Structure formats: structure tokens, C-alpha cells
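Hello,

Here is the structure you asked about. My notes follow below it.

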Amino acid sequence: MATDDSADRNLPAGYRPPRVWTWDQPSGGRFANINRPVSGATHEKTLPRGKHPLQLYSLGTPNGQKVTILLEELLAVGHKGAEYDAWLIKIHEGEQFGSGFVAVNPNSKIPAMLDYSTDPPTRLFESASILLYLAEKFDAFLPKEHYRRAETMNWLMWQMGSAPYLGGGFGHFYTYAPFKIEYAINRFAMEAKRLLHVLDTQLGRNEYVAGDQYTIADIANWTWYGGIMNGTYDAREFLALHEYRNLARWTELVGSRPAVRRGRRVNTTTGPEELRLPERHSAADFDPPAR
Ligand SMILES: N[C@@H](CCC(=O)N[C@@H](CS)C(=O)NCC(=O)O)C(=O)O
């Protein structure tokens, strides 16, 4: 509840929250047309199914790329069972509200996955849940020793808890909101810098996020924190990202892995043409198209 009795400083000036909030106007901004205050399907639509046991329904955002990077890493070390079909879900067109998608993820967010190698098929949603499921299924990128495993989980959960501040808070108000709100930008720039400093400090003491091994904690954090270092939200100058030298080292280290380079292309539909791969159904899809 607001503590200041004067509404003059509110934005817009004079605004007072009503006694009961009602959904009577779009909020403006990039996601206004798809946001609703209720969950559930808006239309009937079955999901496509390809030939592999793992069916991924996603988009090449930081949360989506986590899964495709791990799948490409698993394939790179020889886990043939990690072959997958990656289908595109156009979230800006509301495809996450189709009945088939909602049956896999009642929260209507990418990434979502079905594993048909189990009976009944296993449904998966929440990117960290998918990472953990795959790491356990293939016994890879998740250390077994007590301390290392706990550290991996610590940093995996830290990333999941911090993403709404980095993306939904800083990214939203600095980049996507229809107008700039100083209060919101200050609040979330402060938090974004604090988070960047947490990770930079950890990477000053360790080669990888959870210690001396590359794990699912690196994959989860790289798509977000490596992303912002590489230009997401166009905030390099605003957040003085050059200050985070350890983060810069690790961003480059992880980003140069061939599986990371492949995984980040999957379900990507924007950016340079050669880095896009809207759908992926086999390793051959990465080959440059014949001219
Ligand atoms: N905590 C979820 C967040 C997933 C999420 O926010 N996905 C976004 C794209 S990165 C989405 O599907 N947005 C569509 C919408 O909000 O309707 C996860 O890590 O999987």
C-alpha cells in the first residue's frame, strides 16, 4: 500500500490504486497484448510430435536456450538418447496458450518438454526442472560428490530466483516498458548490479560457477548473465559491465564451447540470419544451407 498520501508524485500524476484492481486496460509495453490475469488455454491446438523421444516446445530466449544448450552438450559427449525435436512456440502470438501447450505447462511459459521414452510420457516445465531432469537422466553435468552437487544446486536455484529481477525488473523497465520510470529503473539497476557482483565475485574464486567443473549451473547462468554481458538490454555502458572482469572471462569461456554455440541458435528467430534456427530435428539442421 502506498505510504505517501499525496498522489502528485505518482506516475501518472494523480494516480491512486483503486480499492479492487480490475483488468480493464492493456498496461502498454511489449508484452501487453499477451498478458492476462488468468491462466489456462485460450484455444484448441495440439502440439506437433517428431521422431525423437524428447520433444521440446520453446523459443530461443535465455530460458529456452538453457535447455537446447544442455541437449547439445549431452549429444556432444555421446548421449544419443538426448536427440530431440525442438518446435517453435511464438509467445508473442499467444501460442503458449494453446490447449496442447497448456497440458504440458499449465503456467504457459516456454520452455516445456515431453519425454516419450517413459510410460506414461513425462511432462516437464520450468527451465531448471528440465535441466535437472536431463542431468539426472543422463548422469552428466551434475557432480555426484556431496559438496559439488550442493554448490551446483545452490547456483542453479540462485539463477532461477534472480532472473525475475534481472529480466522482469531491470530488463523490463530499462528496455521494454513504454516509458521510463526513474524509481523502477533505479530499484532494478541496483539489484542487477548487486547480482552481477555476486556472480563476478564467485567467478573470481572459481573457474566455473559451482567450482572447478562445468555444470548445469553454468548453463543456466550463462544464458542470462553471459547474455547481458554480450549485449542483452543494451546495458553495457549503463550498468558499467566492464567492471565485472571475472564474469567477462567466464562469458567468453562458456560462450566458446561448440555445444553452447549450437544450442543458442535453436528456436532463435531474430538476430543475424546465420545464427537463426527456428526448429531443430537433427544435427544436420546446423549445417549451412546449400547455395
Ligand atoms: N521460470 C520459468 C520462466 C519461463 C518464462 O518466463 N518464459 C518466458 C520466455 S523467456 C515466456 O514463455 N513468456 C511468455 C508469457 O509470459 O506469456 C522458467 O525458467 O522456465
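The shell around the ligand divides into four nonpolar, five polar and two charged residues. Here Ala, Val, Leu, Ile, Met, Phe, Trp, Tyr, Cys and Pro count as nonpolar, Asp, Glu, Lys and Arg as charged, and the others, Gly among them, as polar. The shell residues are I34, T61, N63, I91, Q96, S108, K109, I110, P111, E126 and S127.

Two points on provenance. This is a predicted model: local features need pLDDT of at least 70 and side-chain atom pairs count only at pLDDT 80 or more, while totals for chains, interfaces and linings use all residues. Residues are numbered from 1 along each chain as its sequence is written.

**Domains**

The protein is divided into domain 1 (54-141 + 265-286) and domain 2 (146-256). These bounds come from an automatic or database domain assignment. The C-alpha centres of domain 1 and domain 2 are 22 Å apart. Eleven residues from domain 1 and ten residues from domain 2 make the contact. Two residues are in contact if their C-beta atoms, placed from the backbone, lie within 7 Å. On the side of domain 1 that touches domain 2, α1 (62-76) and α3 (127-138) are the elements that give two or more residues. That side of domain 1 divides into eight nonpolar, two polar and one charged.

Element names follow DSSP: helices are H or I runs of at least four residues, strands are E runs of at least two, and both are numbered from the N terminus.

Which residues of α5 are buried? They are F188, A192, L195, L196, L199, D200, Q202 and L203. Buried is 20 or more other C-beta atoms within 10 Å of the residue's own, exposed is 12 or fewer, and partly exposed is in between; C-beta atoms are placed from the backbone. The cover over the buried residues of α5 includes α4, α6 and α7. Helix α5 (residues 182-205) has 24 residues. From first C-alpha to last, α5 reaches 35 Å, close to the 34 Å expected at 1.5 Å a residue. The expected span is 1.5 Å times one less than the number of residues.

α1 is mostly covered, with 13 of its 15 residues buried. The end C-alpha atoms of α1 are 21 Å apart, which agrees with the 21 Å that its 15 residues should span at 1.5 Å a residue. Just after α1, G78 takes a positive phi of about 100°.

**Strands**

β1 (residues 54-58) and β2 (residues 84-88) run parallel, joined by five bridges. Two strands pair if DSSP finds at least two bridges between them. L54 stands opposite Y84 in β2. Strand β2 is mostly covered: four of its five residues are buried.

β3 (112-115) and β4 (122-125) run antiparallel, with four bridges. A112 stands opposite F125 in β4. A hairpin of six residues joins β3 to β4.

G40 lies in the segment before β1. G40 counts as exposed because it has 10 C-beta neighbours inside 10 Å. G40 and Q96 are 56 residues apart along the chain, and their C-alpha atoms are separated by 9.6 Å. Q96 is also one of the residues around the ligand.

**Backbone exceptions to check by eye**

Most residues other than glycine have a negative phi, and most peptide bonds are trans. The following sites depart from that pattern.

- I110 and P111 are joined by a cis peptide bond, with omega about 0°. P111 sits in the loop between α2 (99-104) and β3. Both I110 and P111 are among the residues around the ligand.
- D119 to P120 is a cis peptide bond, with omega near 0°. P120 lies in the loop between β3 and β4.
- D139 is not a glycine, yet has a positive phi of about 55°. D139 is in the loop between α3 and α4 (146-176). D139 counts as exposed, with 9 C-beta neighbours inside 10 Å.
- D234 has phi near 50°, a positive value in a residue other than glycine. D234 is in the loop between α6 (216-229) and α7 (245-255). D234 is exposed, as 10 other C-beta atoms lie within 10 Å.

Best regards

Technical notes: Near = placed C-beta within 6 Å.
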